[in-house]
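Please examine the sequence and the model shown here.

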Amino acid sequence: QDGRKEGNLHPRASSIPERADILVTDWFDHTVLGMNLIPSLEVASSRLLKQGVRVVPQRIKVKSTLMELRISQISGFDLSYLNSYRWHPSHEKLNLNRELNQGAERYLKLSDFFEAAEIDLQARCDAFVNRSADDMKSELPEWEYEEQIMVEAVTDGTVNAVGFWMDITFDENNSLSTWDELSDSGASMDQAVHYLDELPVTKSQIVDLTVLYNKFQLLFASTSPQNKPRHACIPSWHYDMLLDSQRNDAYERAITNAIESRRAFGEKDVTVLDVGAGTGLLSMLAVRGGADRVVSVEMSQHMCDVGEECVVMNGYADKILFLNRDARRMDVVRKPDGTPPDMEKKADILIYEVFDSGLIGEGALHLVASARQKLLQPEATLVPSSARVFCIPISIRKDHVKGFDFQHLNRYNWRPDYVG
């Protein structure tokens, strides 16, 4: 917009020839306000928009549901201790349909859908059109919206999350929801989850929930103060792996068969090396399958602590040793400076689950080669012993959208590696 800088007689160059009549935005993400939608609208209103501007979309309604996203028994082991690490410092991006359809016993909706907040973008722009920069700097309360909502539980459970999404209103006749409970078709935006301290509820119990938002974020809080100290969280894909019963069962069969085979050939003392041990599930499967001892190696200090906690609480601390190490730098020999070896003896069996969607992207080949060289007996058994990658040619191209030609975008649809 035309104007003069303070102390300068020369006008600034105009960004656009005149103020606009219509503002169109899709400046949303799963957190609703996390991309600075409101500050951007206010700046645009004061500098770029006419009085009476039409905003598209006009309103956002935040829809929500109380949820339980918890695990308990996995392959016969109590892994409920991991629920204390199911947390996120802001809002976790999740596909609610995928989460609720995993078949987990404690992945539940605990309430009907309810409206948590409404953000009127049209009114926001109307209020800021032609306002000066000084007016925009006026003090606002920390939370410009704070509302207490009474939500009824529809089944027994433990509330530890609020799932939420957006109903976006464009005009009187057009709207869009970012979650369809019955279908994922056409969805371009995932939903979000805000984690709370665990709250056991019974059917028909009323849960007091506070919803707050300001220019930059939207938050949920339970009436009872959150008093659990949060210092670390486990990425959601760890929970997805634990809930993959087909994977867990296949590993258990293979591990048990490998141990029994070693015994059949006269091995009296079977040592297992678990690389990328994570939560310790595969290590515990090895002990249950008959291993005398397991050395569990995990690079992440935090995950090493988590895995050790699961092992201790399930009663396997005397047979499973967790090490916060990079397996490629481990050895079974004493160092020249007198440092003791990482392992007392070479392992008879190697367990590893360090695969990505393309099999070797997380360094599986490097880990196996290094372990064979320094940490495994000459005839050690590998679990898994081999893998096969299947490929098929496909076409993922843009053509025409709403009558416009977008084929030129296909030249940018590439990556130096693969997309998981």
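## Backbone geometry in the loops

Ser204 is placed in the loop between E12 and E13. In this predicted model, Ser204 has a positive phi of about 80° although the residue is not a glycine. Leu359 belongs to the loop between strand E18 (347-352) and helix H9 (364-374).

The bond from Val56 to Pro57 is cis, and its omega is near 5°. Pro57 lies in the loop between strand E2 (49-56) and strand E3 (59-69). The bond from Val383 to Pro384 is likewise cis, with omega near 0°. Pro384 is found in the loop that runs between strand E19 (376-383) and strand E20 (400-401).

The pairing of E9 with strand E13 (residues 206-213) is antiparallel and extends over eight bridges. Within this pairing, Ile149 has Leu209 of E13 as its bridge partner.

## Aromatic pairs and a ring cluster

Across the whole structure, seven aromatic pairs are found. One of them joins Phe113 and Trp165 in an edge-to-face arrangement, with 4.9 Å from centre to centre and 75° between the planes. This pair links distant parts of the chain, since Phe113 is in the loop between strand E7 (107-109) and strand E8 (114-120), whereas Trp165 is in strand E10 (residues 157-171), and 52 residues separate the two. Are the two partners buried or exposed, or in between? Phe113 counts as partly exposed, because its relative accessibility is 39%. Trp165 counts as buried, because its relative accessibility is 4%, and the class covers values under 20%.

Trp165 also pairs with Trp179: the ring centres are 4.7 Å apart and the planes stand at 75°, so this pair is edge-to-face, a term applied to planes over 60 degrees apart. This pair too links distant parts of the chain, with Trp165 in strand E10 and Trp179 in the loop between strand E11 (174-177) and strand E12 (191-201), 14 residues apart. Both Trp165 and Trp179 are buried. Through ring pairs, Phe113, Trp165 and Trp179 are linked into a cluster.

## The cavity

How many cavities of 30 Å³ or more does the whole structure contain? The search finds one. The largest cavity holds about 40 Å³ of space. Its lining consists of Asn83, Ser84, Arg86, Asn160, Tyr195, Leu196, Glu198, Lys228 and Arg230.

Strand E12 gives the most to this lining, with three residues. By residue class, the lining of the largest cavity comprises two nonpolar, three polar and four charged residues.

## The largest pocket

The largest pocket has a volume of about 730 Å³. Its lining is formed by 33 residues, and those closest to the centre of the pocket are Trp237, Gly276, Glu353, Val354 and Glu362. In terms of residue class, the lining of the largest pocket contains 15 nonpolar, eight polar and 10 charged residues.

Which element gives the most to the lining of the largest pocket? Helix H5 does so, with five residues. Helix H5 (236-242), strand E15 (271-275) and helix H7 (281-288) each provide at least two residues of this lining.

Note on methods
Residues are numbered from 1 along each chain as its sequence is written. This is a predicted model: local features need pLDDT of at least 70, side-chain atom pairs count only at pLDDT 80 or more; totals for chains, interfaces and linings use all residues. Side-chain values use heavy atoms; hydrogens and water are left out. On a 1 Å grid over the protein atoms alone, a cavity is a set of points where a 1.4 Å probe fits but cannot get out, and a pocket is an open set with protein on both sides within 12 Å along at least five of seven lines; lining residues have an atom within 4 Å of a point. Grid points are joined across faces, edges and corners, and a volume is the space filled by probe spheres set on the points. Helices (H or I, at least four residues) and strands (E, at least two) are DSSP runs, numbered from the N terminus. Ala, Val, Leu, Ile, Met, Phe, Trp, Tyr, Cys and Pro count as nonpolar, Asp, Glu, Lys and Arg as charged, and the others, Gly among them, as polar. Two strands pair if DSSP finds at least two bridges between them. Rings of Phe, Tyr and Trp (its six-membered ring) pair if their centres lie within 6.5 Å; planes under 30 degrees apart count as stacked, over 60 as edge-to-face and the rest as tilted. Buried means under 20% relative accessible area, exposed over 50%, partly exposed in between (1.4 Å probe, protein chains only).
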